[in-house]
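Thanks for asking me to look this one over.

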Amino acid sequence: LGDRGMTIAHVERTPFQKVQIDHAGTEAFSCHLADEEPALLELLELLNRLKLEEFAGVARSKARYVKLWENIGIDAVGPLAFRKHIVPVYEGINAILRGTGKRLLVHYDGKVRQIADDIARLGFDLDSLTPEPEGDMDPAEARRLWPECFFWLHPSLTWFMLPKEELVARIRGMASAVGPRHYCFELSEGV
C-alpha cells in the first residue's frame, strides 16, 4: 500500500481496552467499572491523557491514516460504558486529527450494531468489519448506515472451512454489498 500513498500509523488500543484486556481481565474490570472504583477511574483518566498526547505526536507524522487497534467487544463493555468512557477519547482524537487530512481507522472485528449511531457520529473508518458469527452486521447494512466509511472487510473465519467455490462467492458477495469504492479486504487472523 505504500506505493499508493497509503501510509498508516498504528496506535495501540485506548486505555479502557488496554486495562480491561491486558491487565484486569474482563470480569474484574467490569466489576470495578460498575462500582466506579476511584482508583480505576483515576488510572483511566491518566492513561487517556497520555493516549491523546500520543495522538498529538501522530498528528505531526506523515501518515495519512491512523489505525487504532481497539477490538472492542461491545457485548462485554456495553453501550453505556462505551459512551461514557470510550467515546470521549474518540472525540479527543477527532479534535486532534481535525484539519490534518488524516483518517482514523478503528479495529472492530466483532459486534457493532449497538453502537452504530455512535460510529456514524464519530465518523471513523472501520478496520476489520466482519459478518456473522464473529460480527453482527453484514456489509450491505454497514454501507447503508455509513455510506462514506472506508471498510477493511474481513471474511468470517468460518468461511475458510467451506468449499472454495462457496468461499469465493461469499467474498464476492461482500465486495458487491459495499459497492464499487471505499473498501479493501484483509485477513487479521492466521487462516
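1. A word on the ground rules. This is a predicted model, in which local features need pLDDT of at least 70 and side-chain atom pairs count only at pLDDT 80 or more, while totals for chains, interfaces and linings use all residues. Residues are numbered from 1 along each chain as its sequence is written, and side-chain values use heavy atoms, with hydrogens and water left out.

2. I would start with strand β4, residues 125-129. Helices (H or I, at least four residues) and strands (E, at least two) are DSSP runs, numbered from the N terminus. Five of the five residues of β4 are buried, so this strand is largely enclosed by the rest of the structure. Here buried means under 20% relative accessible area, exposed means over 50%, and partly exposed is in between (1.4 Å probe, protein chains only).

3. Which strands pair with β4? One is β3 (residues 103-107), which pairs with β4 in the parallel sense over three bridges. Another is β5 (residues 151-153), again parallel and over three bridges. Two strands count as paired if DSSP finds at least two bridges between them.

4. Next, please follow the connections. From β3 the chain crosses through helix α6 (residues 116-122) to β4, in a right-handed β-α-β crossover. Right-handed means that, with the strands pointing away from the viewer, the path from the first strand over the helix to the second runs clockwise. A right-handed β-α-β unit is also made by β4, helix α7 (residues 139-145) and β5.

5. Turning to charges, the structure holds 13 salt bridges, each defined as a side-chain nitrogen of Lys or Arg within 4 Å of a carboxyl oxygen of Asp or Glu. In one of them, Asp22 meets Lys18 with the closest N and O atoms 2.8 Å apart. Both belong to helix α1 (residues 15-24), and because they are four residues apart, about one helical turn separates them. Asp22 is partly exposed at 35% relative accessibility, and Lys18 is partly exposed too, at 26%. Salt bridges that share partners join Glu12, Lys18 and Asp22 into one network.

6. Helix α3 (residues 38-59) holds Arg49 and Glu45, again four residues apart and separated by about one helical turn. Their salt bridge has its closest N and O atoms 3.4 Å apart. Arg49 is partly exposed, with a relative accessible area of 46%.

7. Where does the salt bridge between Glu141 and Arg113 sit in the chain? This pair, with closest N and O atoms 2.4 Å apart, links distant parts of the chain: Glu141 lies in helix α7 and Arg113 in the loop between β3 and α6, 28 residues apart. Glu141 counts as buried at 18% relative accessibility, whereas Arg113 counts as partly exposed at 40%.

8. Rings of Phe, Tyr and Trp (its six-membered ring) pair if their centres lie within 6.5 Å; planes under 30 degrees apart count as stacked, over 60 as edge-to-face and the rest as tilted. Tyr108 and Phe124 form an edge-to-face pair, 5.9 Å centre to centre with 85° between the planes. Tyr108 is in the loop between β3 and α6 and Phe124 in the loop between α6 and β4, 16 residues apart.

9. Tyr183 and Phe185 give another edge-to-face pair, because their ring centres are 6.0 Å apart and their planes lie at 90°. Tyr183 is partly exposed at 26% relative accessible area, and Phe185 is partly exposed at 33%.

10. Please also check Lys67, whose charged end sits over the ring of Trp152, 5.7 Å from the ring centre. The cut-offs are NZ of Lys or CZ of Arg within 6 Å of the ring centre and within 35 degrees of the ring normal.

11. Last, Ala24 is found in helix α1 and is partly exposed at 34% relative accessibility. Leaving aside neighbours within four places in sequence, Ala24 is in contact (heavy atoms within 4.5 Å) with Val19 and Phe29.
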